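Reader: I am new to this structure and would like a close look at a single part. Could you take me slowly through the salt bridges and the places they join?

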Amino acid sequence: MSKYMINTWEPEAPAFWKSEGRGTANRNLWLSIPALALAFAVWMVWSVVVVNLPTIGFKYSTNQLFWLTALPGLSGATLRIFYSFMVPIFGGRKWTTISTASLLIPAIGIGMAVQDVGTGYPTMLILALLCGFGGGNFASSMANISFFFPKAQKGYALGMNAGLGNLGVSAVQFIVPLVITAGVFGSLGGEAQSVTKLGHQSSLWLQNAGFIWVPFIAVSAVLAWFGMNDLSSAKASFAEQAVIFKRKHNWLMCWLYTGTFGSFIGYSAGFPLLIKTQFPDVNPLQYAFLGPLVGALARVVGGIIADKLGGAKVTVWTFVVMCLAVYGVLQFLPHGGVAGNFTGFFWMFMLLFAGTGVGNASTFRMIPVIFLTERQRAAAGKPKAMQEQAIVDANKEGAAVLGFTSAVAAYGAFFIPKSYGTSIALTGGPDAALWCFIGFYVSCIAITWWCYARKNAAMPC
């Protein structure tokens with residue numbers, strides 16, 4: 001038996017939690033957070049790279065650039081479906097190490113590919129798809145951390161893991177524009193690309209967008225291997241976890257989490273290029289990182305608020321705010337040859353990002369509560385052993401649903417940027433896409449209120 005395997009884990013027992021559970025859980029959480037942040041950074045690196053490709057000589061159309069921005073979302077979401085079930089099969093420690101180390105492939109690949117303007121577009125598409133490794137990690141990371149914490153602290157733990165992990169999106173959009181302006185790795189990092197803008201010549205090292213993450217990924221993978229734990233109580237086959245596909249609340253929460261996390265990651269991926277297409281005089285990389293930063297920090301706060309007020313109530317009001325924010329964005333976009341108002345556009349998007357962050361936390365607070373309540377209701381009045389087993393089953397189902405809903409929601413990273421591109425191509429602006437988003441949020445308000453938030457809801461949470 002591995003020394004990293006824990007055979008007795010009872011976070012709901014106060015004595016156990018106080019004596020040894022809390023320390024172990026927090027150690028795993030704090031090793032999980034940087035690994036997840038790096039995963040998000042690699043997943044979203046194309047949102048920054050695409051803005052610079054034309055500058056260094058790559059001849060791609062706007063729609064081709066939106067495809068490169070969107071494809072990591074498509075592959076990341078698809079991988080999440082499989083990653084959702086990996087922790088109970090492989091163990092949290094092993095899978096965190098493997099999935100983190102896999103980020104080296106796209107990070108090194110991008111660093112090599114952008115150094116040659118002769119690199120074919122299909123190669124770039126493959127590298128964009130490989131960045132989906134970073135997107136997949138979220139599902140397994142959240143499932144893993146959910147096993148370590150008691151019901152009363154799941155909102156906090158999942159909010160911290162996801163919220164601080166989401167900072168990887170902001171980090172990539174803040175750090176990459178800085179590191180590509182200098183030869184950070186000297187001769188090891190390759191030659192600079194020459195850029196001429198408004199008669200002024202300068203140098204870029206766009207390869208650093210990939211290379212800068214390599215040493216951090218390597219260190220994080222090593223720390224996960226030697227510092228994290230596997231839980232024997234979390235072990236389950238795919239067949240055992242597949243019961244979630246029969247659960248109504250799994251599918252309802254997929255819809256709601258697409259509205260929150262799908263929006264966060266989709267807006268993060270598309271924000272820089274949307275700014276560039278709608279406000280050509282604005283440097284998008286000066287502002288793009290602020291949206292994901294606001295969303296990530298709001299998620300941390302949202303987890304704490306949802307623990308106190310209840311996830312469903314917070315979720316309803318979050319979607320109301322998001323509807324109003326998108327309507328505000330529409331008012332400040334360019335229309336009919338009249339220039340838009342970037343200041344208003346920017347602040348409406350900051351409000352929108354804040355809403356997605358709070359909603360991310362509140363919906364994820366709902367999931368463990370729903371499945372624990374459902375299993376405990378089924379075991380009520382039965383022998384103590386069956387009631388204890390109900391808690392174990394609920395934790396396994398809840399973890400699988402956390403992962404699976406995040407997989408479905410991650411398709412937002414594909415659909416939102418692609419919706420912008422399609423709307424612009426067909427109508428000349430992104431307005432049609434934004435109106436569709438408002439319609440979707442209205443449906444989320446209705447589902448949350450009816451199923452979870454109203455006075456006599458069947459599953460109040």
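Author: The model is a predicted one, and it holds 6 salt bridges. One of them joins R93 to D230, with the closest N and O atoms 3.8 Å apart. Because R93 belongs to helix α5, which covers residues 92-101, while D230 belongs to strand β4, residues 230-231, this pair ties together parts that lie 137 residues apart in sequence. Both partners, R93 and D230, are buried.

D230 also meets the side chain of K94 in a salt bridge, at 3.1 Å from N to O. Since K94 is likewise placed in helix α5 and D230 in strand β4, this second pair ties together parts that are 136 residues apart in sequence.

Another salt bridge is formed by R247 and E397, whose closest N and O atoms are 3.0 Å apart. This pair links distant parts of the chain, for R247 sits in the loop between α12 (238-241) and α13 (248-278), and E397 sits in helix α17 (residues 384-409), 150 residues apart. E397 has a relative accessible area of 7%, so it is buried. R247 and E397 also belong to a network of salt bridges that links them with E374 and R375.

Conventions: Residues are numbered from 1 along each chain as its sequence is written. This is a predicted model: local features need pLDDT of at least 70, side-chain atom pairs count only at pLDDT 80 or more; totals for chains, interfaces and linings use all residues. Side-chain values use heavy atoms; hydrogens and water are left out. A salt bridge is a side-chain nitrogen of Lys or Arg within 4 Å of a carboxyl oxygen of Asp or Glu. Helices (H or I, at least four residues) and strands (E, at least two) are DSSP runs, numbered from the N terminus. Buried means under 20% relative accessible area, exposed over 50%, partly exposed in between (1.4 Å probe, protein chains only).
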